Amino acid sequence: MLDASDQALLVEEDDLEGAMRLHAALAAAPPLGVVELVPAARTVLVRFDPTLVDEATLAKELSRVEPVHGGLPTAGSVTIGVHYDGQDLDEVAELLGVSAEQVAARHAAATWRVAFTGYAPGFGYLVGDDPLFDVPRRSSPRTRIPAGSVGLAGTFSGVYPRESPGGWQLIGRADAPMWDLHRDPPALLAPGMTVRFERLERDSVSLAGAGTDRVGLDTARFARGLDQQFAGRADGAARRSRVETDTAAFAVEVVRPGLQLVLEDLGRPGHAALGVSASGTADRRALRAANRAVGNAPGTAGFELAGGGAVLRFTGPAVVAVAGAPAETTIVRSDGPPLPVEHGAPTALEDGEELRLGSVSIGLRSVIAVRGGLDLPPALGSLSSDTLAGLGPGDLGGRPLRAGDVVPLHGPAAAPHAVDPDPAPAELLPAPGDTVELRIVLGPRENWFTPAGVRTLVEQEWTVTPRSDRVGVRLEGADPLERDVAGELPSEGAVTGAIQVPPDGQPVLFLPDHPLTGGYPIIGAVVDRDLDLAGQLPPGVRIRFRPVAPTVPIVPIGSTAEIRGD
């Protein structure tokens, strides 16, 4: 049992089978306080609510869990048609010592099972009953893999649900939509499901659900669905892409989006079984403060702006508040000079007026709350834009807002509370060149690094690079972290705040849009109370990590050792 953060434990089993059996037992009867389970190749990540259970108590409960014995629970079956014409098919055949025809035939003849999901919504890691399939990932990952690509990596097979980068060996293409928000559930594959691949010679697909029905889908329809889901709809004549409609009585038009403008609430936890991470705003305190100022519920979705520089035009009257990173903010009217907007205070706008935000000098992300909230259909219960997974409300598909997008609003009358006349207290945020301290819990894989490497993490200053985004803060230090264990780590769950270390030894601090699972070792994780500060780090800030003592020691499951807190 390993510490994954101050609000998560990583339970490690001997192999994939053990992890699947433990996950099945925990999913059937989760201990008190468990909010999410993320199964992976040899582990189950257990996220918990510290207001309901402490780590020591949860560790004791987990140590008593008996993995499922006998046959694992099943979740139905699906048959996916595949064209075996992938660009790596011949190379895979050579690696395996068989012909390309045999690779295709044996892949289609095998029975596959969804062991776990991750990487992207709808991406299932499949294990089969044919021992032939064990191939290394590509030495150089591709920057673009088409949606529907069927790949192999290690002993796993999988189907890419959307266009994305990746390092799997591609042997074919499937026409089945692996992810469709208009379907219930949206993910075609779920842990425990049995999968058969059916060899196709023409462009059609046949699916079999948990029952006996088979549904035919043509590739043109599938392509249209992908276009609508992930790319949005373009209005070519005016070069405008509307989120919903520009005829609403209350709406916001994006005149200028700044560096990055996205819609965010407090996220969508609890969908790990679909391969979906929680996402959500990078600064929860700022979102709550802005919503409190305008009388919204604390988690109401608003606009998250990185770097400033945005212009928003309002249809109908509105009340707004800006929190987080301060920017010079004004209201521009057609009949008078610009009016200054006090940071953190509720401010009224009239129909046709514009809210203009200048650049930020401290921090990185400003949050703009609008009284009454956004009138958009949620995606899996949330309006958050997950930029990595391509998941978001309306037709956004998780992408940042662009000039011409129109976001409908509920209107001021929909707010449940009165506005707060007192401005929210200003946050103490860093500027480029400042040094900040972030508290971390070491683990779960600090033993993959030399003692000198661990000392480098906590003794050296790290600089935030411009290559950072909502997926992660990419750091740079004079000395890279020295590995003690070579090779690949089997995929395992990761939390927001995890410090993942790729082969170059320069850490990446995961932010809300991070992948659900990953294969690089995680040396530590920022504690939950410091995550909002981590989301406000602009390029040029220097970081020092300060370890805090974990409350749970590393104890093997089934050990008779007493598990003690501090």
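How do the residues of the lining of the largest pocket divide into nonpolar, polar and charged? The count is 21 nonpolar, 13 polar and 10 charged, where Ala, Val, Leu, Ile, Met, Phe, Trp, Tyr, Cys and Pro are taken as nonpolar, Asp, Glu, Lys and Arg as charged, and the others, Gly among them, as polar. The model is predicted, with totals for linings using all residues, while local features need pLDDT of at least 70 and side-chain atom pairs count only at pLDDT 80 or more. Residues are numbered from 1 along each chain as its sequence is written, and side-chain values use heavy atoms, with hydrogens and water left out.

On a 1 Å grid over the protein atoms alone, a pocket is an open set of points with protein on both sides within 12 Å along at least five of seven lines, a cavity is a set where a 1.4 Å probe fits but cannot get out, and lining residues have an atom within 4 Å of a point. Points are joined across faces, edges and corners, and volume is the space filled by probe spheres set on them.

The largest pocket holds about 1400 Å³ of space. Of its 44 lining residues, Tyr119, Pro141, Gln500, Gly519 and Tyr520 sit closest to the centre. The second largest pocket comes in at about 1200 Å³; among its 47 lining residues, Gln7, Arg47, Arg284, Asp528 and Leu531 are the closest to its centre.
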